[in-house]
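Me: I'm new to this one. Can you walk me through it?
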Amino acid sequence: MMKICSTLLLLTALLYCTSCGTDFKKPYSDTPTAGKVKISSDETLKPFIDAEKDTFMGLYRYAELNVSHQSESECFRSLLDDSAKVIISTRKLLPNEEKFFKSKNLFPITTKIAVDALALIINKENKDSLMQFISLKEILSGKINSWKQINPSSPLGEINLVFDNNGSSNVRFLQDSVMKGNAFPSNCFAVKSNESVIDYVEKNKNAIGVIGVAWISDGDDPVSKKFLNRVTVVELATIPNPVFPDDYYKPYQAYIALGQYPMIREVYMINREGRMGLGTGFVSFVAGDAGQRVTRLAGLLPATMPVRIIQTK
């Protein structure tokens, strides 16, 4: 079985590398299933990427994936300065980044591997876990700054909205897709990481946290379970004046697949390796059948594998 997996991965990697710019005369010490490679991954995706890495290294014991979990801005800096051969991100290369690589006669390959989402979390003592998406927009615009504006009977005061760090993909998504380029109001601030956001929200009743859904999406993962026991995940409604609880949706896999949850985004692996190295082998694995099964089990929406959606009455 291992020989079959290795052969399929090698063939996939060979096809994957076709038309990439590289120097095949240079000696390399790694192959698609063995050796060492440096990878930079968006910190918002850490639980998901760690699951992919552990599965890959479990199958290929001579493979060593050195994965650094960083902010989005740091990931792209690593790709540009060649300190990472592969990055995992929630955006593609920008035109100026493509121009840079083209000037070096390099043509990185971008592969979509999943669809994930941003999740809102609140303190366990906060009972206002149903929120209209328009209310989030008004919080981010500064029109709403108190919990009493959302629920007049709320015992809580000023809303504090917290996210991971200023260079993160979460911040960029909010600014680009929700705020349309506007600045954050004064009651929004950054901490250090997605885990730090969870810590802050657990200790502060007035807080709303913004995290990557990968941190809470795997119901079988002990770490995800621990986080879910510490905070409450907000359900969002996109329709005006929702009446029923069923009008609100959590960032679950099925609601991401159906497009009913509003804050969704695509996940990509960007590979500058340009040859059949270990980075290319890992990308091929994650984008292939086995890796997409890991994606599904992690609670994200696989890029190529259909998801079973069961409706109950």
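Reply: Here is a short tour, from the whole chain down to one residue. This is a predicted model, where local features need pLDDT of at least 70, side-chain atom pairs count only at pLDDT 80 or more, and totals for chains, interfaces and linings use all residues. Residues are numbered from 1 along each chain as its sequence is written, and side-chain values use heavy atoms, without hydrogens and water.

Me: How many helices and strands are in the chain?
Reply: The chain has 12 helices and 12 strands. These are DSSP runs, numbered from the N terminus: helices are H or I with at least four residues, strands E with at least two.

Me: What percentage of the residues is buried?
Reply: 50% of the 313 residues. Buried means under 20% relative accessible area, with a 1.4 Å probe and protein chains only.

Me: Now helices. At what angle do α3 and α4 pack?
Reply: About 15°, with the axes 11 Å apart. α3 covers residues 72-80 and α4 residues 95-103. That angle makes α3 roughly parallel to α4 (angles under 35 degrees count as roughly parallel).

Me: Which residues make the contact?
Reply: F76, L79 and L80 from α3, with E97, F100 and F101 from α4. Contact means heavy atoms within 4.5 Å.

Me: Switching to V201. Where is its place?
Reply: V201 is in helix α8, residues 194-203.

Me: Why does V201 count as buried?
Reply: Because its relative accessibility is 0%.

Me: What is V201 in contact with, leaving aside neighbours within four places in sequence?
Reply: I121, I122, N123, V162, A207, I208, G209 and V231. V201 and I122 are 79 residues apart in sequence, yet 6.0 Å apart in space, C-alpha to C-alpha.

Note on methods: Axes are lines fitted to C-alpha atoms, for helices over the stretch in contact, and angles run from 0 to 180 degrees between N-to-C directions. Angles under 35 degrees count as roughly parallel, over 145 as roughly antiparallel, 65 to 115 as roughly perpendicular and the rest as oblique.
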